[in-house]
Amino acid sequence: MQTLSRVNRQPLYQQVRQILLKTIQSGEWKPGEKIPIEPVLAQQVGVSIGTLRRAVETLVNDGILLRREGAGTFVRTYRDQGYWNAFQIFRNLDGQERGSCGRLVTFEVTSGVDEKILSALHLSKGQEVIHIVRHWISMKTGAEEIVSIDESFLVKEKFRKFTLDYFLTHFRSGESFYEFFDREFNVVILSQKCAVHYECLDQERAAKLHVPEHFEALCTERLSLTFGHEPVEYRINRGRVDVTKIFFDLS
């Protein structure tokens with residue numbers, strides 16, 4: 001754990017907050033792990049319990065730490081959101097989950113990414129990302145129909161052991177990507193920034209996504225953020241317009 005800088009002009013509790021946050025970001029404290037009790041932390045950092053408590057409270061308010069009465073304070077996990085798929089905003093028109101199964105169609109490490117996506121992920125031109133495309137399939141008509149396309153761009157440095165073989169052997173049927181990120185990589189998605197628009201796929205884009213040309217989609221672009229508002233994933237969800245609703249909880 002880092003120590004305080006005596007020349008830093010930030011309020012003391014903010015300095016302590018940054019030390020605690022960097023301890024989480026480095027993986028020294030992992031998601032779901034209980035952090036040391038406040039008197040111990042205060043002694044380690046070299047501040048009063050009051051200052052330490054104020055720093056911890058800011059992290060609790062930001063959803064980074066979680067207090068459990070009688071148990072202590074823990075690093076938040078994706079499962080603590082209270083819903084198995086808290087950031088799943090797509091539904092079919094009947095309100096049910098989209099598709100009956102998911103199918104992986106692309107898994108690659110690439111540097112050929114749009115500048116807009118690189119900029120959102122705080123990456124430079126030429127840096128590699130993990131690129132994943134999945135189809136969601138419906139069998140309601142008796143034949144396979146693609147009802148949605150998920151395209152993800154992951155910051156490679158945050159998912160160091162993520163390969164195709166690792167995905168095939170460790171991803172569990174029925175779980176969300178965010179549960180998978182939490183369990184296998186200690187990457188907890190805490191918030192997202194979203195934009196929604198209509199898209200009709202041209203021939204080139206449709207070929208890359210392995211869908212028919214002129215596939216019409218309700219498109220949601222989502223930037224997923226982890227501890228310290230650090231971007232880790234840029235996801236483009238394309239739900240077929242005739243079967244897709246998007247739900248937002250703005251409370």
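Which helix or strand gives the most to the lining of the second largest pocket? Helix H7 does, with four residues.

## Basis of the model

This is a predicted model, in which local features need pLDDT of at least 70 and side-chain atom pairs count only at pLDDT 80 or more, while totals for chains, interfaces and linings use all residues. Residues are numbered from 1 along each chain as its sequence is written, and side-chain values use heavy atoms, with hydrogens and water left out.

## Overall make-up

The protein has seven helices and 10 strands. Helices (H or I, at least four residues) and strands (E, at least two) are DSSP runs, numbered from the N terminus. Of the 251 residues, 47% are buried. Buried means under 20% relative accessible area, exposed means over 50%, and partly exposed lies in between (1.4 Å probe, protein chains only).

Among contacts between residues at least 6 apart in sequence, 60% join residues at least 24 apart. A contact means heavy atoms within 4.5 Å.

## Second largest pocket

The volume of the second largest pocket is about 380 Å³. It is lined by 22 residues, and those closest to its centre are Asp114, Glu151, Phe153, Arg205 and Lys208. Strand E4 (101-110), helix H4 (115-120), strand E6 (145-155), E7, helix H7 (203-209), E8 and E9 each supply at least two residues of the lining.

The search uses a 1 Å grid over the protein atoms alone; a pocket is an open set of points where a 1.4 Å probe fits, with protein on both sides within 12 Å along at least five of seven lines, and lining residues have an atom within 4 Å of a point. Grid points are joined across faces, edges and corners, and the volume is the space filled by probe spheres set on the points.

Strand E8 (residues 216-226) is mostly covered, with nine of its 11 residues buried. Strand E7 (residues 191-200) pairs with E8 in the antiparallel sense over 10 bridges, and Ser191 has Leu225 of E8 as its bridge partner. E8 also pairs with strand E9 (residues 230-240), again antiparallel and over 10 bridges; here Thr220 has Asn237 of E9 as its bridge partner. Two strands count as paired if DSSP finds at least two bridges between them.

E8 and E9 form a hairpin with three residues between them, and Gly228 in the turn has a positive phi of about 75°. His229 lies in the loop between E8 and E9. Its phi is near 55°, a positive value in a residue other than glycine. His229 counts as exposed because its relative accessibility is 58%.

Leaving out residues up to four places away in sequence, Arg235 touches Arg134, Asp150, Glu151, Ser152, Phe177, Tyr178, Thr220, Glu221 and Arg222. Arg235 and Ile132 are 103 residues apart in sequence and 9.4 Å apart in space, C-alpha to C-alpha.

Helix H6 (residues 177-185) is largely enclosed by the rest of the structure, because eight of its nine residues are buried. These are Phe177, Tyr178, Glu179, Phe180, Phe181, Asp182, Glu184 and Phe185. The buried residues of H6 pack against E5, E6, helix H5 (164-170), E7, E8 and E9. Just after H6, Asn186 takes a positive phi of about 55°.

Helix H1 (residues 12-25) has 14 residues and should span 20 Å at 1.5 Å a residue, which agrees with the 20 Å between its end C-alpha atoms. The expected span is 1.5 Å times one less than the number of residues. In H1, the buried residues are Tyr13, Gln15, Val16, Arg17, Ile19, Leu20, Leu21, Thr23 and Ile24. Their cover includes helix H2 (38-45), helix H3 (49-61), strand E1 (65-68) and strand E2 (72-75). Gly27, with a positive phi near 90°, follows H1.

## Cysteines

A search of the whole structure finds zero disulfides, a disulfide being a pair of cysteine sulfur atoms within 2.5 Å. Cys200 counts as partly exposed at 38% relative accessibility, whereas Cys219 counts as buried at 0%.
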